[in-house]
Amino acid sequence: MAEAFANELIKKENLVYEKTKVLTDKTLSYCPGCGHGTAHRIIMEVIDEMGVQSETIGIAPVGCSVLAYEFMNIDMQQAAHGRAPAIATALKRLMPKKYIFTYQGDGDLAAIGTAETIHACNRGEHFTIFFINNGIYGMTGGQMAPTTLPGMRTSTSPYGRDVQMMGNPLKITELVAQLPGAYYVTRQAVHTPSNVRKTKRAVRKAFELQQSAVGISLIEIVSNCNSGWKMTPRQANTWMEENMFPFYPLGDIKVDGELVKK
Amino acid sequence: MKELRLMKGNEAIAEAAIRAGADAYFGYPITPQSEVLEYLMSEKPHERTGMVVLQAESEIAAINMVYGGAAAGRRVMTSSSSPGISLKQEGISYLAGSQLPGLILNVTRGGPGLGTIQPSQADYFQATKGGGHGDYKLLVLAPSSVQEMADFAKLGFELAFKYRNPVMILSDGMIGQMMEKVEMFPQQARLTEEEIIKKYPWVTTGKTPDRERNIITSLILDPAEQERHNFRLQKKYKDMQENEVRFETFDCDDAEYLFVAFGSTARICQKSVQLARKKGIKVGLLRPITLFPFPSKIIEKLAHQVKGILSVEMNAGQMVEDVRLAVGGDIKVDHFGRMGGIIPMPDEIVTALKNKIIGG
Amino acid sequence: MTEEIIIAGFGGQGVLSMGKILAYSGIMQDQEVSWMPSYGPEMRGGTANVTVIISDERVSSPILNEYDTAIILNQQSMDKFEGTIKPGGTLLYDPNGITRHPERKDINIYQVTAAEKAAEMGNTKIFNMVVLGAYLKIKPIVKMENVIKGLKKSLPDRYHHLIALNEEAITMGMNSVIE
């Protein structure tokens, strides 16, 4: 009975949504509830919608998304830890007509790769940086990240981040927005349908800006890490809204080369 | 019409890189190799050939830019001197692991640490035994003249792409800073993207509908697959040993003793050969041009002819280990070296031969 | 023919560029050459020296422990290099600022008052060309026409209007050698 109903339902004329072909069929290696999968999907959907699969090259980082190239059905390179912006610099300069992006986590982009991030932004390279900020090192097992909030528990700040001892979290997105080479800087999230839509518009805008070679675009996606935070996915999203967003407020930070007045 | 110029080694390799059709150079200043970047910037290669030249924020960024460009099938080069080359080791290991071609010039200076800015050959182990982490080898060319600095830029790119492996030109402050007559080869066209895609099907230039996506990575989490990858790399290094050994001999036909020296030290030893022969000492010189693959077979052969071998190096004794391995222990092999940026003089090398090999 | 030369003096005296012009002149007459400078912090205000080799054959070592000719332009260099000249070799020096004159009897010693002559000509920058002229008078290893060609090659275009002045200075040096 149920099977007959399903067969009746699964028809081309009933199709309202389909996974983009710019994602591979490989099962995601991310934890259930993690924002990476959604972030991957919307970036690949934009590539699909713009029809630029054959002109796009992505750079995967070291971190949870080290295997991003398994899921993104485009040519990709895997970078040494933190060095993706250097690789992207070379690629974009050698192939200025192509769409080049890096996909990096907080440890990769804001700790070990700080120099590469800042200098690529300051030079005004014409590629796009996707920065997934979940305030923790997911892949290595939940250690403190440069973006870990004060008081937040991680395996290397087991009693909470003591800023006197461990230093302050780094708002690198606000920092790079100050640089003349940064043209479009925004902070988004992917935990609700409305946030997904906003983020997707930002991704599209960033890719389109690459055509006009005006400078770097950086999209921070504040995301969850329910495994690292030791929460259920729903708890993690609530915790993110209550704790991460006040510290990392969502919204545009720099648009068309101008800082957004708050 | 020959195009003869008087150039520093550092300038010659920069000019030669442009002419060899290099697509990009990424570097960071450090003495004694800063002239490479300076020369390139002054030559405006973006106007001459469309070549990209960029001063990176660090040696680390520069080698990763090489990685990015090489993964798109481009002829990309970087240069530095010893401390900077140490910083590049992570990137070089990634290049080797990802099987990417890239040209790395080390204009060596004395170490360890910040050391001195004067010439040294103390990076021999680092260059020939891997340098970074993991089981890998670079193909290492050791120029001993300004002409070779130019010629090896071209050869280096060719070998890097032939083997999909990084190639290092191991020079030193003496070759980099000295000027000699150079005959420049004519400008070679840069490959177009169409040519690159045709020649190198592995490049990440964008996944077209006619092929699967290309991925450049050194991450292989499955141990069995990683081991298979290691075997493939080892096979490549073996092929290099069979096909790419290069060396030069001087006055070896009647030699009773032998100097083995590379790079600038080999030049000094040529004078030492002349001085020694004036004194009736029949000594010859073997100059390895490739340090990996090392010319072991010719050394083994000469070891049957001569009574003793002196390995002359500007270090505490590094290449001498490879010489000893090649010889196999039948005759006396010793090392003479100066360190800290001191260049050994032709006469003190002859004295060392007398003391360490002939009299010893 | 192989001529092995050390040119030594203060940084700023034009020691390196003099060597470069000499080396370029050698190339202009199809000879093998090498130019090996001392480099590094010592160059800035301290002593500078360059080994120049011009030969009909492939040059072996670009650095040497003994020389056919030493051109010495300050006291430190005199102390360092007088003893390195081959017996029968040549020492050319400017007595300006020299407090201990050379003592060796087995070499040929010449003076040129180049600093003085350059000052007379109203341009101290051509000092090194006066020295070069004196050297070429003693050892005419390269032809004057090739020196001019070498000058053209080693000077950037924007300085080519100074070639006549340089040539004048070389001639002045040739006429100012004191045995």
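Strands, as I use the word here, are DSSP runs of E with at least two residues, numbered from the N terminus. With that settled, I note that the model I am reading is predicted.

**Entry 1: A:Asp256**

Is A:Asp256 buried or exposed? A:Asp256 has 11 C-beta neighbours inside 10 Å, so A:Asp256 counts as exposed.

**Entry 2: B:Lys44**

Next I turned to chain B, where B:Lys44 also is not a glycine and has a positive phi, about 45°. I placed B:Lys44 in the loop between α2 and α3 (45–48) of chain B. How many C-beta neighbours does B:Lys44 have inside 10 Å? The number is 12, and therefore B:Lys44 counts as exposed.

**Entry 3: cis peptide bonds in chain B**

I then looked up two prolines of chain B. The bond from B:Thr31 to B:Pro32 is a cis peptide bond, and its omega is near 5°. Where does B:Pro32 sit? I found B:Pro32 in the loop that runs between β2 (24–27) and α2 (34–43) of chain B. The α2 helix is also the element on one side of the loop that holds B:Lys44.

The other cis peptide bond I noted joins B:Phe292 and B:Pro293, with omega about 0°. B:Pro293 lies in a loop of chain B as well, between β13 (290–292) and α12 (296–303).

**Entry 4: chain C as a whole**

For chain C I looked at the overall build. I listed 6 helices and 7 strands. Which order do the elements follow from the N terminus on? I wrote it down as β-α-β-β-β-α-β-β-α-α-α-α-β.

Then I looked at size. Along the principal axes, the C-alpha atoms of chain C fill a box of roughly 40 × 40 × 35 Å. A compact globule of 179 residues would have a radius of gyration near 16 Å, and the 15 Å of chain C agrees with that. I also noted that 46% of the 179 residues count as buried.

Last, I looked up contacts in chain C. Among those with a separation of 6 or more, 61% are between residues 24 or more positions apart.

How values were computed. Residues are numbered from 1 along each chain as its sequence is written. Chains are lettered from A and ligands numbered from 1 in the order in which they are written. This is a predicted model: local features need pLDDT of at least 70, side-chain atom pairs count only at pLDDT 80 or more; totals for chains, interfaces and linings use all residues. Helices (H or I, at least four residues) and strands (E, at least two) are DSSP runs, numbered from the N terminus. A residue is buried if 20 or more other C-beta atoms lie within 10 Å of its own, exposed if 12 or fewer, and partly exposed in between; C-beta atoms are placed from the backbone. The radius of gyration is taken over C-alpha atoms; the globule rule is 2.2 Å times the number of residues to the power 0.38. Two residues are in contact if their C-beta atoms, placed from the backbone, lie within 7 Å.
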